Amino acid sequence: MNINFELNGKRIEIDAPARMTLADFIRHQLMQTGTHVGCEHGVCGACTVIVDGDAVRSCLMLAVQADGSKVTTVEGLTPPEGLSPLQQCFREHHALQCGFCTPGFLTTAHALLTKEPDADKERIRHVLSGNLCRCTGYIPIVDAVCAARSAYAKSARSPDNESA
Amino acid sequence: MKLPNFEYVAPSTPAEVVRLLAANPEAKLIAGGQSLLPTMAFRLAQPAMLIDVRNLRGLDRIVIDSSGVSLGARTRWVDIETDAELATAQPLLVEAIRHVAHYQVRNRGTIGGSLAHADPASEMPCIAATCEANLRLLGPHGERHVNASNFFMGPLTTALADDEMILDVHLPAWAPGRKWAFSEFARRPGDFALAGVALFYDIDQEQRACNAHIGVVGACYYSKRMPAAEDALNGKRVDADTAAAVGAIASGEADPTDDFHASAAYRKALVGTLLERSLLTAANRPS
């Protein structure tokens with residue numbers, strides 16, 4: 001089935017098999033392997049991408065359902081040079097070790113802070129409870145997301161930030 | 001874990017959806033897909049065709065008027081969470097759906113999908129049963145209305161025919177001063193609860209509970225109210241003794257089964273404790 005959507009700001013028109021999840025489609029057809037596939041049934045959150053501003057599990061969405069949408073993956077959150085403020089906070093707070101879950105945490109936190117730049121720690125903990133990490137024990141991740149809030153508060157009204 | 005093969009269609013009118021359902025007995029509707037796609041990944045369901053409702057206009061509409069609240073079948077959990085008026089128009093609904101799954105799932109999952117899936121461990125079927133919601137269904141012969149008390153028939157089993165779709169669900173108007181509470185217990189946030197309770201009641205002129213509605217999550221064969229517990233609550237002033245007595249009756253009335261996650265006895269005990277605490281929460285809530 002022919003679908004037409006935007007991935008990280010680029011228009012894509014391509015044929016997608018109906019049975020293919022958005023996660024597999026992004027990785028195997030579009031070769032954007034930043035999105036990781038963990039459990040493939042909506043439990044671990046590793047495959048989280050942003051669809052029309054909302055963080056969603058790309059293993060629980062068909063590629064054909066992305067037709068007409070704007071999809072942002074971790075590649076789309078990363079500047080051409082260096083790290084985004086959120087990524088920088090992850091680095092400073094040691095919010096990753098093996099890195100497998102990190103793209104899912106980054107996309108989830110980016111979607112949250114874009115909509116709710118003043119989310120309190122409890123809200124952040126509640127939202128991140130949908131992502132599993134086996135390395136960090138979560139506390140550094142929560143700290144990193146809390147620290148990144150100021151970057152979103154400043155840019156909350158800039159058009160750049162609304163594209164994702 | 002990859003999905004089995006199927007044909008995919010995304011029609012633009014409810015009439016076309018119903019026609020496709022009637023012509024393809026092996027077809028299933030998909031909205032958010034947050035329960036259906038994992039079920040397919042595990043090969044517990046292998047529908048020959050998925051009919052996506054994403055192109056149906058107006059199916060995500062929330063209407064609040066004097067008769068109550070009407071929620072289109074494609075209303076997502078996040079739409080309820082972020083609606084400024086629902087928190088006062090249907091506080092029990094809003095509190096209950098805060099417990100549905102995780103952030104990412106709440107951005108896709110829908111009311112209609114949850115009601116049609118009819119998992120007795122899900123919050124929305126419990127709220128529909130507790131609040132005597134009315135479901136508007138469309139089939140090949142037109143619309144019909146089914147009350148939630150007649151809709152849920154067993155685990156994952158409803159009165160929805162194979163060639164019918166849910167259009168919307170209507171919750172009756174919320175009385176001013178109504179007392180209410182929702183509580184559930186899960187080992188991790190976002191998991192299916194081991195048990196939960198939803199309740200509301202009104203207060204009569206002698207400050208006694210009346211019009212009690214008590215529903216159960218997880219510790220039941222299908223989503224339903226607990227009439228014995230309701231009878232025990234009606235006519236009583238809600239204090240610690242009443243709460244304990246009604247909780248004990250509900251504990252006996254719940255009909256869970258043993259499973260991998262918890263024994264039936266544990267779930268029954270949870271229902272009693274959760275209801276006892278919830279009744280006190282409700283009673284202490286400022287009107």
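Visitor: Which residue in β13(B) does L199(B) stand opposite?
Guide: In this predicted model, L199(B) has I214(B) of strand β13(B) opposite.

Visitor: What makes β12 and β13 of chain B a pair of strands?
Guide: Two strands count as paired if at least two bridges are found between them. Strand β12 of chain B, residues 195-203, and β13(B) are joined over seven bridges in the antiparallel sense, so by the rule of at least two bridges they pair.

Visitor: Why are β11 and β13 of chain B called edge strands?
Guide: The open sheet has three strands in the order β11-β12-β13 (chain B), and the pairing is antiparallel. Because β11 (179-185) and β13 (209-217) of chain B each have a single partner strand, one side of each is left without a neighbour in the sheet. From one strand to the next, the twist averages 10 degrees.

Visitor: How do you know that domain 2 and domain 3 of chain B are in contact, and how many residues take part?
Guide: The domain assignment divides chain B into domain 1 (7-52), domain 2 (62-172) and domain 3 (179-283). Between the C-alpha centres of domain 2 and domain 3 of chain B there are 20 Å. Contact itself is judged residue by residue, with C-beta atoms within 7 Å, and on that basis 22 residues from domain 2 of chain B and 19 residues from domain 3 of chain B take part.

Visitor: Which element gives the largest share of the side of domain 2 of chain B that touches domain 3 of chain B?
Guide: That element is α8(B), with seven residues. The elements giving two or more residues to this side of domain 2 are α5 (91-97), α8 (123-130) and β8 (152-154) of chain B. Sorted by class, the side of domain 2 of chain B that touches domain 3 of chain B holds 16 nonpolar, four polar and two charged residues.

Visitor: Turning to chain A, why does its radius of gyration agree with that of a compact globule?
Guide: For 164 residues a compact globule would have a radius of gyration near 15 Å, and chain A has 15 Å, so the two agree. Along its principal axes, the C-alpha trace of chain A spans about 45 × 35 × 30 Å.

Visitor: What share of chain A counts as buried, and by what rule?
Guide: A residue is buried if 20 or more other C-beta atoms lie within 10 Å of its own, and 44% of the 164 residues of chain A count as such.

Conventions:
Residues numbered from 1 in each chain as written. Chains lettered and ligands numbered in written order. Predicted model: local features only at pLDDT ≥ 70, side-chain atom pairs only at ≥ 80, totals over all residues. Domains from an automatic or database assignment. Contact = placed C-beta atoms within 7 Å. Helix = DSSP H or I, 4+ residues; strand = E, 2+ residues; numbered from the N terminus. Nonpolar A, V, L, I, M, F, W, Y, C, P; charged D, E, K, R; others polar. Rg over C-alpha atoms; globule rule 2.2 N^0.38 Å. Buried ≥ 20, exposed ≤ 12 C-beta atoms within 10 Å, placed from the backbone. Axes fitted to C-alpha atoms, helices over the stretch in contact; angles between N-to-C directions.
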